[in-house]
Amino acid sequence: MKLFVYSIISAFLHISILQQVCCQNPRSHWTLLPNILLVEVDGSVGQQPLSCLESPEELMRRDNKTQDIFWKKDGVQEAQRGNSYLVQLEESLGGGNYTCHSKDGSLINHTVVLIQEEETQRRKILVKTDQEDYLRCSAQNYNGEFHCSWTWHRSRVGKVAFIKARIADKDDTQCSVDTSVQRWKCSSGQSNFSCTVDRSGDGISCQDEKHCPYAEESQQVYITVYVRTEHFLVENYSKHFFLSEIVKPDKVRISKVNKTMIKWSYPSSWSSPYSYFPLTFQIKQLRGVCKRCDNPCADSKPTKSTDICQFEVKHKAKAVCVRAKDALCNSQWSEWSHFRLRRGKKNKKNKRL
């Protein structure tokens, strides 16, 4: 008798342990957007339940006809029937477009299931370039706009599934999307971001409509991009920064040259007034002209730094390079502007590249 009771208890404990293990996968799930469910998995075998009719009112209206409901995955009819459906999870498999239908075949509901592997898993969708992060972000000025780009893995080009932009790492931000133009809106008490996906699909442009360029930055911008493949695998990539850390002016425009002096102007996209947003400049003087070089300014070292927009050129210089950066922050330099000088003949003009 004792042996029988012990066997029953052991069997019950064994079933409980199996149920606990099963429930560990999926690790979690949440609604990314209406009718889009993101399921985080750990690679083991598991199940994720779906419901066709979710509200009690719908169930009462259907009465006892829920057994007539049938399911399709990616357009192929499944064996499971009824209001509930169990998505079979194993490794990164299980994602798809699940639809439920009434007896006559009409569509009742649909759910796109996206699979996200644990953060510890190796990233598969985007790749790093050199020593940079997955997301590369820059801003032309302090007006609250910035651009982030990435590099797709050569065998896993996908598309953006979700964007979340916010000020500080807080969860009160609400995001929505206009799928017709791929525009995302993320609003909170502190910010109101609008982000659009580039036509190329490998970048986003964002603007915080509540940003004040004249106020000192006290909190960072947090940007998270969810990308997915055609096989319903999704990964998220995040970056946070102050605008002063990613600001990179556009090229300066060299506007006037005579025999001894060159002059240039601030980029038209730079924040104004210039007295509040000053730039500093570096100059290179080149004695030789490399006509076949893609970037003739890259090799030599800067010869002069200045905060004014003019410079007296040495007589032996054949070309001049100028670049700019924010004078008050340790941010990025602009790309070089190259200016080739022609000397000697009076009827020859200087040529700007």
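Which handedness does the disulfide of Cys195 and Cys206 have, given the torsion about the S-S bond? That torsion is about 115°, so the disulfide is right-handed.

## Ground rules

This is a predicted model, so local features need pLDDT of at least 70 and side-chain atom pairs count only at pLDDT 80 or more, while totals for chains, interfaces and linings use all residues. Residues are numbered from 1 along each chain as its sequence is written, and side-chain values use heavy atoms, with hydrogens and water left out.

A disulfide here is a pair of cysteine sulfur atoms within 2.5 Å. With that rule in hand, the count is five disulfides.

## Cys195 and Cys206

Back to the opening pair: the sulfur atoms of Cys195 and Cys206 sit 2.2 Å apart. The bridge links distant parts of the chain, eleven residues apart, with Cys195 in strand 16 (residues 192–197) and Cys206 in strand 17 (residues 203–208). Strands are DSSP runs of E with at least two residues, numbered from the N terminus.

As for accessibility, buried means under 20% relative accessible area, exposed means over 50%, and partly exposed is in between (1.4 Å probe, protein chains only). Cys195 is buried at 1%, and Cys206 is buried too, at 3%.

## Cys175 and Cys186

Cys175 and Cys186 are joined by a disulfide with an S to S distance of 2.2 Å. The torsion about their S-S bond is about 115°, so this disulfide is right-handed. Cys175 belongs to strand 14 (residues 174–178) and Cys186 to strand 15 (residues 183–187), so the bridge ties together parts that are eleven residues apart in sequence.

Both ends come out as buried: Cys175 has a relative accessible area of 19%, and Cys186 has 1%.

## Cys297 and Cys321

What handedness goes with -85° about the S-S bond of Cys297 and Cys321? This link is left-handed. The sulfur atoms of Cys297 and Cys321 are 2.1 Å apart. Cys297 lies in the loop between strand 22 (279–286) and strand 23 (304–306), while Cys321 is in strand 25 (residues 319–326), so the pair ties together parts that are 24 residues apart in sequence.

Cys297 is buried, with 1% relative accessible area, and Cys321 is buried at 0%.

Buried or partly exposed: which is it for Cys212? Cys212 counts as partly exposed, at 38% relative accessibility. Cys329 is partly exposed as well, with a value of 25%.

Notes:
Helices (H or I, at least four residues) and strands (E, at least two) are DSSP runs, numbered from the N terminus.
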